[in-house]
Amino acid sequence: MNVTQIKELYDKMFGYMVAKNIPALSELHSDDFELVHMTGTHQNKQEYLRAIQDGTLNYYAYSDIEILPQTEYTFIGRCKVLAAVYGGGKHTWRLQFDVELSKDNKFKKIVASTY
């Protein structure tokens with residue numbers, strides 16, 4: 001994938017997160033997907049999607065996407081995200097996701113941090 005394609009995929013993911021479009025998010029993530037939160041908490045695909053659906057993870061807006069390719073199937077994605085998570089208030093986070101894609105270009109693993 002080139003940078004434009006990766007940015008489009010990343011943009012789709014965040015758009016679906018904001019819209020709480022669980023079926024579309026499910027299609028973008030591999031069955032063995034794993035999310036590692038800033039806290040070190042690990043979630044599998046089902047836990048992650050459920051947390052978005054039930055409001056544990058609320059995403060309202062995102063902007064300023066930057067993509068830093070690493071290898072054929074890995075990249076760093078950065079953007080600003082307006083979110084309220086785990087019962088906290090809305091806050092704009094400068095999120096960095098270290099991303100591993102599967103061979104069919106689905107999200108396989110995301111490690112979240114700030115930048």
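Colleague: Where is Tyr86 found?
Modeller: Tyr86 is in the loop between S4 and S5; strands here are DSSP E runs of at least two residues, numbered from the N terminus. This is a predicted model, so local features need pLDDT of at least 70 and side-chain atom pairs count only at pLDDT 80 or more, while totals for chains, interfaces and linings use all residues. Residues are numbered from 1 along each chain as its sequence is written, and side-chain values use heavy atoms, with hydrogens and water left out.

Colleague: What's its phi?
Modeller: Positive, about 50°, although Tyr86 is not a glycine. Most residues other than glycine have a negative phi.

Colleague: And what does Tyr86 count as at 48% relative accessibility?
Modeller: Partly exposed, that is, between buried (under 20% relative accessible area) and exposed (over 50%), with a 1.4 Å probe and protein chains only.

Colleague: OK, what about Lys20, where's that found?
Modeller: Lys20 sits in the loop between H1 and helix H2 (22-28); helices are DSSP H or I runs of at least four residues. Lys20 has a positive phi of about 55° without being a glycine, and at 32% relative accessibility it counts as partly exposed.

Colleague: Switching to H1: which residues are buried there?
Modeller: Ile6, Leu9, Tyr10, Met13, Phe14 and Met17. Down the axis of H1 they fall within an arc of 130° (taken from the directions from axis to C-beta atoms), so they line one face of the helix.

Colleague: Anything at the start of H1, like what Asn2 reaches?
Modeller: A side-chain oxygen of Asn2 comes to within 3.0 Å of the backbone nitrogen of Thr4.

Technical notes: A polar contact is a pair of N or O atoms within 3.5 Å; within protein, one must be able to donate a hydrogen and the other to accept it, and residues adjacent in sequence count only if both atoms are side-chain atoms.
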